[in-house]
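Biologist: I would like a close look at a single part of this structure. Please take it in context and keep the account connected.

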Number of protein chains: 2
Amino acid sequence: MSTPIEHDPRAARLAMRRGDWTGETLYHAPGYVQANLVILPQSEAYEFLLFCQRNEKTCPILEVTDTGDPHPKYSAPGADLRTDLPKYCVYRYGNLAEERASIEDLWQNDFVAFLIGSGMTFDEALRRAGVLPYQGRPHWIVKTNLRTVPAGRFQGPVIATMRWMTPQQAIIATQVTARFYKNHGAPIHVGDPDIIGTDLQNPIAGGPVPELPKDVTPVFWACGVTPQWAALERKIPLMITHAPRHAFITDLLADQICLP
Amino acid sequence: MSTPIEHDPRAARLAMRRGDWTGETLYHAPGYVQANLVILPQSEAYEFLLFCQRNEKTCPILEVTDTGDPHPKYSAPGADLRTDLPKYCVYRYGNLAEERASIEDLWQNDFVAFLIGSGMTFDEALRRAGVLPYQGRPHWIVKTNLRTVPAGRFQGPVIATMRWMTPQQAIIATQVTARFYKNHGAPIHVGDPDIIGTDLQNPIAGGPVPELPKDVTPVFWACGVTPQWAALERKIPLMITHAPRHAFITDLLADQICLP
């Protein structure tokens with residue numbers, strides 16, 4: 001499934017910079033930490049950082065760039081967050097205005113970029129542990145009725161990824177993912193989706209949810225779309241994020257920043 | 001060693017509020033997460049929070065209060081950070097001005113309180129695993145030549161706690177503490193103190209360091225004094241912290257917020 005370029009995160013990012021890689025990063029670049037991206041003006045940065053701190057499970061911060069600096073010098077030296085993701089979403093006043101492959105011309109001197117750990121990081125670890133997507137379906141992204149802890153004007157629902165597993169796989173997956181504490185860690189829920197008020201009628205991503213097979217236990221992880229959602233509800237004039245499943249590939253080794 | 005009051009963090013805090021408990025918290029209130037305290041004006045809060053994010057191992061944030069609010073409502077509902085610690089240090093322009101048992105009259109509307117995980121939290125877990133202080137000595141606090149990652153005007157050396165152990169205990173202690181990722185986690189160094197430029201001549205706390213016995217391996221953990229040190233070097237007009245080894249006792253169960 002993986003190509004030589006995927007074992008070199010720098011090469012992967014350069015391919016994105018050149019426009020040669022515009023597709024998803026899900027299941028690509030195995031072993032490297034993937035990050036969600038949120039770019040906000042400095043005036044929002046303190047409250048947003050506080051929001052992430054208060055909701056660490058959904059918003060584990062990997063890096064915050066210096067104001068105006070698009071270079072994530074700690075997690076990916078040499079990278080440029082204006083060009084090195086395959087696809088971006090540009091939101092104006094909380095509405096998706098456009099998707100695009102570069103944001104060079106939109107960058108502002110007061111921008112702060114937040115890199116937030118993504119659960120896509122542990123898919124490779126699950127695979128190594130024999131927990132493969134149920135019937136090839138990766139996961140759904142769904143809204144829950146759990147609430148984040150507010151910080152200033154940032155608040156909103158907890159967004160979750162839902163993976164279908166056998167009960168035995170659910171136990172293994174809990175053990176495996178707990179170690180990846182910078183990438184959402186252990187599940188937030190296992191079993192009946194109603195208990196956390198999951199909206200199965202309108203998943204945010206992953207397509208329609210079929211009826212639950214009898215041998216399946218749904219397992220839910222906090223999802224990095226949560227901070228995006230909170231930021232969108234603030235209706236900030238201009239905010240930029242990665243496009244879903246088109247994440248930033250860091251130089252960080254997933255097995256190095258996780259716990260034993 | 002523990003008294004009934006120590007199994008009820010709320011009762012322990014009330015005893016401090018009344019002035020009945022003015023001594024150390026080291027080795028007290030076993031099982032509850034202890035926190036270092038740093039209080040700064042809002043104007044410093046973003047850069048300090050960013051500093052903590054960039055130096056998570058030394059500065060694991062447990063809670064940041066809302067501006068002007070002295071109540072840590074998430075980690076200890078009902079507590080008051082102006083009275084519920086046994087002893088405070090008041091720093092003016094980077095110099096220790098006084099130690100006192102309450103800071104009620106010093107509290108300002110623009111103050112933000114940071115609770116930062118303390119390694120004192122895992123001493124109980126080490127004890128349960130049979131790793132007792134070498135010859136009854138708890139630990140030293142020492143300066144190293146490792147540097148923190150700067151954030152704005154905050155920067156400084158990594159401060160460490162040094163514990164003496166047998167090599168076998170060092171291995172056990174690494175395994176045990178790695179789980180306590182919100183309380184400095186695994187060691188930052190093991191063995192020769194020179195490698196990290198440890199200043200053994202002038203330990204910050206713990207008294208003079210005798211010659212290293214042959215059967216001892218020094219083990220070093222990141223210490224919550226690090227962010228204090230960085231804040232002191234900023235020479236902020238008014239900054240308040242806990243006094244060393246007189247920490248804030250939260251309601252958080254150490255075994256609940258650590259990893260499996």
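In strand E9 of chain A, which residue is the bridge partner of A:Ala160? Please go on from there to the surroundings of the strand.

Modeller: The bridge partner of A:Ala160 in E9(A) is A:Ala222. The model is predicted, and what follows should be read as a description of that model.

Strand E9 covers residues 217–222 of chain A. E7(A) and E9(A) run antiparallel and are joined by six bridges. Besides the pair already given, A:Arg163 stands opposite A:Val219. A:Val190 also stands opposite A:Val219. The pairing of E9(A) with E8(A) is again antiparallel, and two bridges make it up.

These pairings belong to an open sheet of four strands, whose order in chain A is E6-E7-E9-E8, with antiparallel pairing. E6 (140–147) and E8 of chain A are the edge strands; each has a single partner strand, so one side of each lacks a neighbour in the sheet. Helix H5 of chain A, residues 225–233, packs on this sheet and touches E6 and E7 of chain A. The direction of H5 makes about 150° with that of E7(A).

Next comes burial. Six of the six residues of E9(A) are buried, so the strand is largely enclosed by the rest of the structure. In a regular strand, side chains alternate between the two faces of the sheet. In E9(A), A:Thr217, A:Val219 and A:Trp221 point one way, while A:Pro218, A:Phe220 and A:Ala222 point the other way. Both sets are buried.

E9(A) also has a part in covering helix H4 of chain A. The buried residues of H4(A) are A:Gln169, A:Ala170, A:Ala173, A:Val176, A:Thr177 and A:Ala178. Their cover includes helix H3 (123–128), strand E7 (157–165), strand E8 (189–190) and E9 of chain A. H4(A) itself has twelve residues, 167–178, which at 1.5 Å a residue should span 16 Å; the end C-alpha atoms are 17 Å apart, in agreement with that figure.

The wider setting is a pair of chains.

B:Gln34 lies in strand E1 of chain B, residues 32–41. At 2% relative accessibility, B:Gln34 counts as buried, the cut-off being under 20%. Beyond four places in sequence, the contacts of B:Gln34 include B:His28, B:Leu62, B:Met120, B:Asn183 and B:Phe248.

Definitions and conventions. Residues numbered from 1 in each chain as written. Chains lettered and ligands numbered in written order. Predicted model: local features only at pLDDT ≥ 70, side-chain atom pairs only at ≥ 80, totals over all residues. Heavy atoms only, no water. Expected span 1.5 Å × (residues − 1). Buried < 20%, exposed > 50% of the residue type's maximum accessible area, 1.4 Å probe, protein only. Contact = heavy atoms within 4.5 Å. Pairing = 2+ DSSP bridges. Axes fitted to C-alpha atoms, helices over the stretch in contact; angles between N-to-C directions.
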